[in-house]
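Q: I have a model open here and would like to talk it through with you. Can we go over some details and then the overall build?

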Amino acid sequence: MSRAVPGTRTGVALGVPRATSQALTAVQSSDVAGPTGTAKQSTRYLAIGASVTACIDDASQYDLDMTAGTSAAYENASTRFNHSHPRTIVVRCQANNTDTLNLWRHGTGGSLELLRFSAANTLQILTNNTARVTLTVPGLGASRANLVVAWTSEANPDTTGAADAVLSTLMVWNVDSGEYDAVSVAHPTKSLGSFQAVWGAGDNVGTNAFTGIITGVLYENRRMSATEIGADWVADLSTPLSAAHPETSLQGLPPSSGILDAESHWHGPAAVWACDATRRLERRCLQWLRNERLRIVPTWTNALLTAADAFIRGAPSDSDDRMSIAWLEPAPVPDNCNHLWVRVHVRSYVTSGAAVPVRIRLYSFSKPPGALGFGGGGGAITSYFCGTTVLEGYAAGRFVSLGTMPIARGTGGIREGMTYLALALAVDPNNESGNDSAARIEISAIHVVPYFRAGGAQLPVHP
Amino acid sequence: MTNEQYKARTLLGLDPTSPAIGGIAPWTRLRWSPLGALMRAQDTVPATSRRIVASWSLSGAQDWAQPNGTNDPNAGGASPQTYPTNDWRTLGVHQAHVTPGCELRAQVLYCPAGLVHKGGGPWASDGAWGEFRVRATWTNGVATDGPNNHSMMMEGSTKGTYTGLENSGAGQNWSDIREKQITDIRPAEYLTDPAVAVDFSEWTDVELTLQIRGGARVIAVCVFEVPRAHVTLHSNDQLTSVHAMPPSNAPQTSFPQTKAADGTTYEEHRFGTRRLMQVAERQSERLGPRIMSMSAWNESTIDPLTDTEPDPLTVQSASYLDLITGAAGYDLNGPGWIVAGSNAQLHRLCDPRLIARGRFAVVPARVRVDASCTGTGTVRVQCGRYEWIEIGGITSRDVYTAVGYLQSQIFADHNAPPLQVLGTSGNASRVLSVYGVSVDFGQWAS
């Protein structure tokens, strides 16, 4: 595979969104050069170049360039890289199945920190001069492939002492083959000190220099997620469209109580900060009403759905929509939402002949349909549904969005604030097919997520 | 000024949204009224929770495991057992973080129960009845309470020659649906002993065991949070998730200071911006959705006469296989769960200006797996191509845990990648057995 060599851009590399991938399709294996990273608020060093000696022009907000050495970019008595965690180190490089040696070094002796190919095809990290973990690079051959290597570190929430205070993850993307792998390890905190920092070798004169080609380096004062590194360095992601505006979904700058003294001085800005955070946290506990990977996935036919089965009935508003009691679940509706979004995982196909339309709906009821008043919560049933008709192309199985709908909330007794979610199937609901008996449907997952829609139903108000 | 050893706040009946905090804006002189409203608004944030922390359903089954009731339960002699006994059968075990100040309720849908056997030889009818219970064990890293049993009976079917007969007519189970709610699932003495309430008010873990016995014909269960009350000790000046602001302005000072508001004996931290910031900080870090939980229970294959817990999901492979389908590896278009964390996007992972730029969302998570392996097994919880959490070193039966990150919905209507659970026994001759998986938002350990 021929591939344009990335890394010719310099300066602040603002990622250009390209619709090269969708959320549910594989991304990778493109002949188009990947994105080249972006300087962010937490970036301590970002440099892009055709080789490591060209990776000396700092694109971070600090604009503190490094120096080109022999097969290396380096800085003596470095303090900006004298940092244990949280942090992220990224090296973009080209390597084959014989390339070895150092991608990054900081410290010496007992403080030695290395990110390197310890052997062909094998990445390794060392802290405090101790090897912590290795990772085999997938898919390397005799020709050099484009790789993105990342090392993230953060405080270990399950630490039992100094020996496992830090949790590191070593990741590698083989951009050409589309493969990815990662491994995590706990280890002690890095021994700090003002040492020489080197990209691409063990020192500024090229000892233990990496035998491949380095085309980009990043040092981030923050633990980046693999998804973020992938989106910045491997394949850009497109921004999905949404009708559920996330006005309060994004956290904003998180508050820190550490700015205050015991007397609550500086309360003005702090109060405004807390006020902003409180608004954004308004729906923080909102979660799915149904999140089910079905354990049992029968293959449904028109005959099974329309049979005289005690588990199956028609929906109140449309008896063609056949509901199994095994797809019924109650769910408590939080007071701060008024709409639902629904998707199901569907496999729809025919045993022979032409494709048959299959209608899939999800109903929200204020009480179980057909149920008497046992347990309280009587009154007339209210219901909403959303759905779609699947025509073809779902033989392999995929997620299908059924759209959005208001929520039917139960009133009174133990049904107060509850909704009852039921899936329904209808084979050839409009009698357009003569092949109904060949239709087969499998439902493997049902997801129902609530949200707040401005202009939707009024939220409950407590007296 | 209040002068109480315990600072308590009932969280019942709080309006969910749009707290009256509009008065605090840049270049606005701070006065007590809007600041008090802001402090009270903080209490509504955890009080909106109705998070489902455990659930069970027929999950696609086409019939109950409970026999339909046509066999004579008193056939006598050496006739075999044909109905379950009064032994408890575990539907699933779920470990969950609990939102501060919340207790739990269980909503149960069922149809009238079937017959039960007793005696052992000869077997005899024990009538038609069923029972469901939630066993709850609460921990907060220091104190433990439980297991406490919260139970409800399910009436038997009066149909059939021997009673306990299952419906057979078209749609008849729908018109026979019964519903009950188990309330007040909380640590014992939570509402009567403030010291207990202090222990379990902030970031408690609960292990929930859902069980049935007798001739239960359960349709679905969900165990969910409802706000109740939050209590802190007067001297607590640490991060907390509930401000515990009194509902009235009346007894408070007219200026937002900490020290001047102290009572004569007990300290008071609720009226200054220090507590305001502590609550905002803790809520920002920790409030979020319950991501998922699952049990290996399969209504189609379980034997209610002999099984007392789910048959585990098993993997016998040196590579990762989907626990349910057995398919190799993660599949972006395959079935799974959804990580509905659009309202819980952390700035450091998802800031929309520079970090995520609206293209993705990632949430921190803790996974707990109830599993065993005849060798050394690993369970991988994966959501998105690059985000997975590996729970390794699985040997003898235990609950294993690990932390990491999972890709999430960006918006509530984002068709995001599915969460799937994979496993490997490390060696094709070994067997990994998984009984349950629980995934929580956040990475802290209780």
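Q: To start with a loop, where is A:Asn431 found?

A: A:Asn431 sits in chain A, in the loop between strand E21 (418–427) and strand E22 (439–451), where helices (H or I, at least four residues) and strands (E, at least two) are DSSP runs numbered from the N terminus. Before going further, note that this is a predicted model, in which local features need pLDDT of at least 70 and side-chain atom pairs count only at pLDDT 80 or more, while totals for chains, interfaces and linings use all residues. Residues are numbered from 1 along each chain as its sequence is written, chains are lettered from A and ligands numbered from 1 in the order in which they are written, and side-chain values use heavy atoms, with hydrogens and water left out.

Q: What is phi of A:Asn431 near?

A: Its phi is near 55°, a positive value in a residue other than glycine.

Q: And is A:Asn431 buried or exposed?

A: A:Asn431 has a relative accessible area of 67%, so it is exposed; buried means under 20% relative accessible area, exposed over 50% and partly exposed in between, with a 1.4 Å probe and protein chains only.

Q: Which residue of chain B has a positive phi although it is not a glycine?

A: B:Ala244 does, with a phi of about 65°. Its place is in the loop between strand E11 (229–233) and helix H4 (273–286) of chain B, and B:Ala244 counts as buried because its relative accessibility is 0%.

Q: Switching to peptide bonds, which residues does a cis bond join in chain A?

A: A cis peptide bond joins A:His85 and A:Pro86, with omega about -5°, and A:Pro86 lies in the loop between strand E3 (73–78) and strand E4 (87–95) of chain A. In chain B, a cis peptide bond joins B:Gly146 and B:Pro147, with omega about 5°, and B:Pro147 is placed in strand E7 (residues 144–155).

Q: Why is the pair of A:Tyr363 and A:Phe385 tilted?

A: The pair is tilted because the planes of the two rings are at 50°, with the centres 5.2 Å apart. A:Tyr363 lies in strand E18 (residues 358–365) of chain A and A:Phe385 in strand E19 (residues 383–390) of chain A, so the pair ties together parts that are 22 residues apart in sequence. A:Phe385 counts as partly exposed, at 37% relative accessibility.

Q: Which residues form one aromatic cluster?

A: That cluster consists of A:Tyr45, A:Phe81, A:Trp104, A:Trp199 and A:Tyr219.

Q: Which members of the largest nonpolar core touch the most other members?

A: Those are B:Phe132, B:Ile219 and B:Val223, in a core of 103 residues; a nonpolar core is a set of buried Ala, Val, Leu, Ile, Met, Phe, Trp, Tyr and Cys residues joined through side-chain atoms within 4.5 Å. Apart from this core lies another of 45 residues, among them B:Leu313, B:Leu349, B:Ala365 and B:Val369.

Q: Last topic: how many helices and strands are there in chain B?

A: Chain B has five helices and 20 strands, and 64% of its 446 residues count as buried. The C-alpha atoms of chain B fill a box of roughly 85 × 45 × 40 Å, taken along the principal axes.

Q: And how many does chain A have?

A: Chain A has three helices and 22 strands, and of its 463 residues 58% count as buried.

How values were computed. Rings of Phe, Tyr and Trp (its six-membered ring) pair if their centres lie within 6.5 Å; planes under 30 degrees apart count as stacked, over 60 as edge-to-face and the rest as tilted.
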